[in-house]
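Subject: Structure handover

Hi,

Here is the structure I promised to pass on. Have it open while you read, and my notes follow below it.

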Amino acid sequence: MRKIFVAGNWKLNKTIAEAKDLVNAMLPELEKITNVDKAVCPSYLAVPAVAEVCKGTSLKVGAQNVYWEDSGAFTGEVAPKMVAEVCDYVIVGHSERRAMFGETDETVNKRLKAALEAGLHVIVCVGETLEENEAGETEAVVSRQLKQGLADITAAQAEKITIAYEPVWAIGTGKAATPEDANNVHKNVIRPLLTAQFGEARAQAMRIQYGGSIKPDNAAELFAMSDIDGGLVGGASLKADSFVEIIRAASMVTIVVEESEK
Ligand code: PEP
């Protein structure tokens with residue numbers, strides 16, 4: 001089984017002081033859980049402080065976005081090597097970036113390539129809107145986002161990529177996709193595309209996270225699905241207790257699946 005990977009996306013929340021408090025509150029419990037990979041992604045300004053607190057622990061730190069140029073007249077942007085100086089992970093293509101800040105599959109691809117070049121692990125987000133879902137376009141939209149977002153990426157580079165399937169209608173709404181529906185997209189849309197581009201072995205090793213209203217009470221059933229290899233968690237990652245509960249659920253699923261595979 002693929003090791004479950006759960007990442008918290010704190011979005012535009014938490015000052016530097018609040019971010020340090022939050023991560024300090026999570027760490028003691030998270031450090032006890034070794035069979036799950038975990039990360040938190042604070043807003044840019046809090047990343048160095050959180051990374052400092054997490055140094056030497058099992059909790060990885062990421063940024064929520066990155067630009068594709070190394071330097072120059074790009075006011076307000078942050079370069080891949082600047083992110084890589086302080087943390088290991090970055091999210092690209094989050095639906096909020098696409099919907100509110102004009103990001104496209106093409107710019108997602110540029111960000112991804114530049115981030116990989118800088119040595120970062122990248123979480124690439126894809127997912128359909130409610131209208132697209134209701135029009136039966138989920139497969140077409142996710143396929144387009146994935147093909148264009150991952151254009152020109154090699155199997156070797158893909159080792160540092162995690163895909164996050166986040167149906168837009170499930171983000172922040174309290175209405176998660178059913179485990180079966182999410183798993184269907186992971187297993188029958190995303191994994192086959194990864195296989196076509198990177199080959200069977202790499203595609204099987206890659207983690208596909210689900211994101212959209214993951215909570216402590218629905219996490220276990222989601223993570224128990226064959227092709228849901230973790231989660232990208234927004235709201236529930238802003239409280240130490242709920243994030244820890246979600247990671248604990250991932251840990252229990254891992255133990256149960258490993259037992260059943262013996
Ligand atoms: C997200 O921000 O990527 C997300 C999935 O948010 P939430 O868990 O709040 O739905």
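First, a term you'll need: a crossing is left-handed if the near helix is turned anticlockwise from the far one by less than a right angle, and right-handed if clockwise. Helices (H or I, at least four residues) and strands (E, at least two) are DSSP runs, numbered from the N terminus. Bear in mind that this is a predicted model, where local features need pLDDT of at least 70 and side-chain atom pairs count only at pLDDT 80 or more, while totals for chains, interfaces and linings use all residues. Residues are numbered from 1 along each chain as its sequence is written, and side-chain values use heavy atoms, with hydrogens and water left out.

**Two helix pairs**

Start with helix H1 (residues 16-30) and helix H2 (residues 47-54): they pack at an angle of about 25°, and their axes are 9 Å apart. Axes here are lines fitted to C-alpha atoms, for helices over the stretch in contact, and angles run from 0 to 180 degrees between N-to-C directions. That angle makes H1 roughly parallel to H2 (under 35 degrees; over 145 is roughly antiparallel, 65 to 115 roughly perpendicular and the rest oblique). Their crossing is right-handed. On the H1 side, the contact (heavy atoms within 4.5 Å) is made by Ile16, Ala19, Lys20, Val23, Asn24 and Leu27, and on the H2 side by Ala49, Val50, Val53 and Cys54.

Now look at helix H11 (residues 216-223) and H12, which pack at about 25° with axes 8 Å apart. H11 is roughly parallel to H12, and this crossing is right-handed too.

**The cores**

A nonpolar core is a set of buried Ala, Val, Leu, Ile, Met, Phe, Trp, Tyr and Cys residues joined through side-chain atoms within 4.5 Å. Buried means under 20% relative accessible area, exposed over 50%, partly exposed in between (1.4 Å probe, protein chains only). The largest core has 70 residues, and those touching the most other members are Val6, Ile161, Ile163, Ile190, Leu194 and Phe223. Helix H12 (residues 240-261) gives the largest share of this core, eight residues. A second, separate core has ten residues, including Phe5, Ala39, Cys41 and Ile91.

Ser43 sits in the loop between strand E2 (37-41) and H2. Is Ser43 buried or exposed? Its relative accessibility is 17%, so Ser43 counts as buried. Beyond its neighbours within four places in sequence, Ser43 is in contact with Lys11, Asn13, Lys14 and Gln64.

Cheers
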